Amino acid sequence: MTPFDHNPSEYRRRRFRPIPVRMLVPNMITLLAICAGLTAIRLSTEGRMELAVAAIVFAAILDGIDGRVARMIKGQSKFGAELDSLADFVNFGVAPGLILYFWQLHELNNGGWIAAMVFAISGGLRLARFNASIDDPNKPAFAANYFTGVPAPAGAITVLLPIYLAFLGVPMPPATLTAFYTLLIAFLMVSRLPVFSGKTVKMRVPPEMVLPVFVAVVFFVALLIGYPWHILSAGSVAYLISLPWGWKSYRDQERQLAAQTQGASAPATAQTAGPYAAPAADADNDDRPTHLH
């Protein structure tokens with residue numbers, strides 16, 4: 001038998017092996033999020049801005065669910081990670097930029113389009129940097145609890161703040177101010193600003209607090225459904241105000257780690273140099289030629 005004589009049935013069986021359902025569930029949630037983002041773009045072109053923004057919020061909720069579901073049922077895969085990045089670029093980069101453009105930025109003509117395009121590109125760059133730095137061996141342990149720059153879903157929710165305020169009856173800001181705010185959020189997404197993520201925080205609910213937690217979650221969902229623009233506006237403002245706190249927390253832990261590293265290396269250096277240190281040479285009594293010094 002030559003090396004080229006393969007059994008077709010064996011090759012087909014090896015290539016198309018059955019895939020567990022638990023591997024498909026997170027990807028289905030991600031695909032549903034992509035559908036929500038694309039639907040938001042269509043709704044914005046038709047002028048139905050409230051439904052378009054609601055679709056972006058729904059996509060953000062799905063984005064927060066799919067990863068946790070994958071870890072819970074052990075359905076992580078490289079394919080799912082790549083699909084999730086593609087979904088984030090569409091839902092939280094392209095869709096919010098187009099919604100803002102069709103809402104007000106089109107009044108600035110090319111300037112508004114540039115602002116929307118810069119936001120979308122910033123979302124893509126933010127995701128590419130995140131994927132490239134996942135396996136960084138030089139990253140300190142505490143850095144796993146922080147994002148580098150504002151994450152794409154948070155950037156998409158906060159950049160739509162002018163629309164939330166307009167839905168609440170606040171006078172529409174000038175288009176130039178909306179473009180400046182869009183560029184500001186885009187800059188925060190691609191910046192090196194440490195942003196608290198909370199991914200490594202293990203939250204365990206005591207048994208006696210399970211029912212109150214359920215009631216609190218239901219109450220929050222009811223508020224979000226009944227007063228969506230109030231909740232989204234307050235949440236966006238609170239998130240932007242909390243960014244300096246994340247930066248300060250990161251710097252404090254960074255200085256603490258540097259102090260611990262210096263404190264651990266100083267005794268080791270002293271112990272190494274103590275018993276084996278060579279006696280200092282007496283320069284006045286040294287009769288060796290100068291080139292030997």
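Trainee: Before I look at details, how should I read the pLDDT of the elements, and which has the lowest mean and which the highest?

Mentor: The general idea comes first: where pLDDT is low, the predicted coordinates should not be read in detail. Here the protein averages a pLDDT of 81, and 78% of the residues score at least 70. Among the elements, helix α1, residues 8–15, has the lowest mean pLDDT at 54, while α8 has the highest at 95.

Trainee: What share of the contacts in the protein comes from residues 24 or more positions apart?

Mentor: Take the contacts with a separation of 6 or more: residues 24 or more positions apart account for 83% of them. As for burial, 33% of the 293 residues count as buried.

Trainee: Could we look at one residue? Is Asp66 buried or exposed?

Mentor: The general idea is to compare the relative accessible area with a cut-off, and buried means under 20%. Asp66 has a relative accessible area of 5%, so Asp66 is buried. This residue is found in helix α3, which spans residues 49–72.

Trainee: Which residues is Asp66 in contact with, leaving aside its neighbours within four places in sequence?

Mentor: Asp66 is then in contact with Pro26, Ile29, Thr30 and Asp84.

Trainee: Which residues make the nonpolar surface patch?

Mentor: The patch covers about 1100 Å² and is made by Trp113, Ile114, Met117, Val118, Ile121, Leu125, Leu177, Phe180, Leu183, Leu184, Phe187 and Val190.

Trainee: Let's turn to charges. How many salt bridges does the structure hold?

Mentor: The structure holds four salt bridges. To read one, look at the distance from N to O and then at the exposure of both partners. Lys248 and Asp252, for instance, meet through their side chains at 3.1 Å, N to O. Lys248 counts as partly exposed at 48% relative accessibility, and Asp252 is partly exposed too, with 32%.

Trainee: Why are Lys248 and Asp252 separated by about one helical turn?

Mentor: Because they are four residues apart in helix α10, residues 228–276. Asp252 also forms a salt bridge with Arg255, at 2.6 Å from N to O. Those two are three residues apart in α10, so about one helical turn separates them as well. Arg255 is exposed, with a relative accessible area of 54%.

Trainee: Which residues do salt bridges that share partners join into one network?

Mentor: Arg42, Glu46 and Arg48 are joined into one network in that way. Within it, the side chains of Arg48 and Glu46 meet at 2.5 Å, N to O. Both are partly exposed: Arg48 has a relative accessible area of 40%, and Glu46 has 39% relative accessibility.

Conventions: Residues numbered from 1 in each chain as written. Predicted model: local features only at pLDDT ≥ 70, side-chain atom pairs only at ≥ 80, totals over all residues. Heavy atoms only, no water. Patch = residues over 30% accessible without salt bridge, like charges linked within 9 Å, V, L, I, M, F, W, Y side chains within 5 Å. Areas by Shrake-Rupley, 256 points an atom, 1.4 Å probe, with all protein chains shown as cover. Buried < 20%, exposed > 50% of the residue type's maximum accessible area, 1.4 Å probe, protein only. Contact = heavy atoms within 4.5 Å. pLDDT = per-residue confidence, 0-100.
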